[in-house]
Number of protein chains: 2
Amino acid sequence: MKRYLENIKTGHFSTLHDKVLFNGLTDSEIYEFVQHSKPYYISLYQGQTISLEKQYSNMISVVVAGDVLISSTDSNGNKTYIKTFTEGESSGSLYSILDYSNTLIEIEGKEDSEVILIDPDSLYVTDKKIAVIQQKMLVNLIRSQKGLFNAISERMYCLTQRSIREKILRFLSFCHNSNGSTEFDIPMTREELASYLAVDRAALSRSLGELKKEGVIDFHKNHFIVLDTDFLSK
Amino acid sequence: MKRYLENIKTGHFSTLHDKVLFNGLTDSEIYEFVQHSKPYYISLYQGQTISLEKQYSNMISVVVAGDVLISSTDSNGNKTYIKTFTEGESSGSLYSILDYSNTLIEIEGKEDSEVILIDPDSLYVTDKKIAVIQQKMLVNLIRSQKGLFNAISERMYCLTQRSIREKILRFLSFCHNSNGSTEFDIPMTREELASYLAVDRAALSRSLGELKKEGVIDFHKNHFIVLDTDFLSK
DNA sequence: AATTATATGTTGCAAAAGCAACGAAGAAGT
DNA sequence: ACTTCTTCGTTGCTTTTGCAACATATAATT
């Protein structure tokens, strides 16, 4: 199931440039790093789910191709969805920070996918020969965390609002800002949005209906239109 | 108000060892880094508040002595409390990740305090001469983010609970686990706890009273006792 | 000790949210 | 076209929450 990347066909190296974690590295630096860190390579067909043995659960994973869904199961057996990673994203953002050692991590391919796993120690343990490479990659790792942190901050901002109405408006405000338009599609179903805002789905629908009736917003399924932006920014 | 650290009395260097960001660095490495990055030095008396000009707001700050409170004011004039940093903590955890450039950052000394500000570029821009130093510090930065991340995750866990009662129980569960005891002091006033859980203070008191009446917990001011741990873990 | 100030608890009431059950609208499969 | 499934909206009812106003308690100041 797992093999070292260096033993895989060299075609894989060429795709690594585009991945955030390897930004700014030259071909030979990537090659040098792979020689040094011996990352694991996993390929998944669509729908395939594999469990990482615990000793691998804290590794930095880079999605080389496809789209994977990562979940964890804690000691009580509760399965928690962590995040969907798409090609180029590296979960270093998550794993290097949260300590998932000793939890069961599952990776599911939402389509045919390829993932490599990198031992964080290969970045963390000082090695003068590749210090410059390590440094570049660490910076990439920190940078890639920004996106995750912003996502969390945005959700926190929504969650700290006291009413469903305000939570919705906060959420739409973020959508509006990141799309630059007053018209956009949201990437969730109602159920998922309710879960994201930590409210009841029915109550969410009710509040959405009120906002529509008041002419603040309009929507149909995933498509939303903000009619009165005054309500958003505060 | 701000001067370069290297122009300050050398006594400051000796205290840097203990700071998370400088862990694992030798004296000469710290010296070398300071020479290279020219960090700013700020000293605050108790109660003093200073505003960082915008170009400094994204800097990595390390609290060398004392206890400081950091807040940001966004373009709408809303002042948001960010975090209290105590000696040794580096806000790199925050600043390197969240982009606070162009927001007004204020630093308030909760007691007489000293802070140094480090330009993130001095860690990010590759420089072969000090690559090893940079690498060590980047790892320290990532490690220090773990604490912040866990704190945020815990709060999120509380916030996603639907009722005040459940939010309280989640919160107490975390206190219980991190203290290892069923008896502990919480580091907040009621008002602050209410704000942390994003609920009304009066409603919080009501729920706390109910839990006390039911014999699940007992408390007096900041001191809490969990009487029935069955309620916590689930 | 008396006086402020601050923190915490209490309570009535209106508004909001949760829950459950059902119905409508699509989407997917046969 | 018909069934089946999923998603979404609706509604009645109950519970919870927020809000405001006040009471009590504790700490700080003089």
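This report describes the helices, sheets and DNA-facing surfaces of a predicted model.

Residues are numbered from 1 along each chain as its sequence is written, while chains are lettered from A and ligands numbered from 1 in the order in which they are written. Because the model is predicted, local features need pLDDT of at least 70 and side-chain atom pairs count only at pLDDT 80 or more, while totals for chains, interfaces and linings use all residues.

## Chain A overall

Chain A has nine helices and eleven strands. Helices (H or I, at least four residues) and strands (E, at least two) are DSSP runs, numbered from the N terminus. Of the 234 residues of chain A, 32% count as buried. A residue is buried if 20 or more other C-beta atoms lie within 10 Å of its own, exposed if 12 or fewer, and partly exposed in between, with C-beta atoms placed from the backbone. Among contacts in chain A with a separation of 6 or more, 72% join residues 24 or more positions apart. A contact here means that the C-beta atoms of two residues, placed from the backbone, lie within 7 Å.

## The sheet in chain A

An open sheet of three strands has the order S9-S11-S10 in chain A, with antiparallel pairing. Its edges are strand S9 (183-185) and strand S10 (217-220) of chain A, each of which pairs on one side only. Two strands pair if DSSP finds at least two bridges between them. From one strand to the next, the twist averages 20°. Helix H6 (residues 164-179) of chain A packs on this sheet, where H6 touches S9, S10 and S11 of chain A, and the helix direction makes about 90° with that of S11(A). Axes are lines fitted to C-alpha atoms, for helices over the stretch in contact, and angles run from 0 to 180 degrees between N-to-C directions.

S10(A) and strand S11 (residues 223-226) of chain A are joined in the antiparallel sense by four bridges. In this pair, Ile217(A) stands opposite Val226(A) of S11(A).

## The sheet in chain B

In chain B, three strands also form an open antiparallel sheet, in the order S9-S11-S10. Strand S9 (183-185) and strand S10 (217-220) of chain B each have a single partner strand, so one side of each is left without a neighbour in the sheet. The twist averages 20° from one strand to the next. Helix H6 (residues 164-179) of chain B packs on the sheet and touches S9, S10 and S11 of chain B, at about 90° to the direction of S11(B).

| Strand pair | Sense | Bridges | Bridge partners |
|---|---|---|---|
| S10(B) and S11(B) | antiparallel | four bridges | Phe219(B) and Phe224(B) |
| S9(B) and S11(B) | antiparallel | three bridges | Asp185(B) and His223(B) |

The hairpin of S10(B) and S11(B) has two residues between the strands, and Lys221(B) takes a positive phi near 55° there. S11(B) has a covered face, made of Phe224(B) and Val226(B), and an uncovered face, made of His223(B) and Ile225(B).

Arg155(B) lies in helix H5 (residues 131-159) of chain B. This residue is buried, because 20 other C-beta atoms lie within 10 Å. Arg155(B) and Phe174(B) are 19 residues apart in sequence and 9.6 Å apart in space, C-alpha to C-alpha.

H8(B) has 13 residues and reaches 18 Å from its first C-alpha to its last, close to the 18 Å expected at 1.5 Å a residue. The expected span is 1.5 Å times one less than the number of residues. Gly215(B), with a positive phi near 80°, follows H8(B).

## Surfaces near the DNA

DNA strand C is surrounded by 18 residues, and the closest are Ser163(A), Ala202(A), Ala203(A), Thr189(B) and Ala202(B). A residue is near a molecule or strand if its C-beta atom, placed from the backbone, lies within 6 Å of it. Two or more residues each come from H6 and helix H8 (201-213) of chain A, and from helix H7 (190-197) and helix H8 (201-213) of chain B. H8(B) gives the largest share, five residues. The surface near DNA strand C divides into six nonpolar, five polar and seven charged residues. Ala, Val, Leu, Ile, Met, Phe, Trp, Tyr, Cys and Pro count as nonpolar, Asp, Glu, Lys and Arg as charged, and the others, Gly among them, as polar.

Around DNA strand D there are 18 residues, of which Thr189(A), Arg190(A), Ser163(B), Ala202(B) and Ala203(B) come nearest. H8(A) gives the most to this surface, with five residues.
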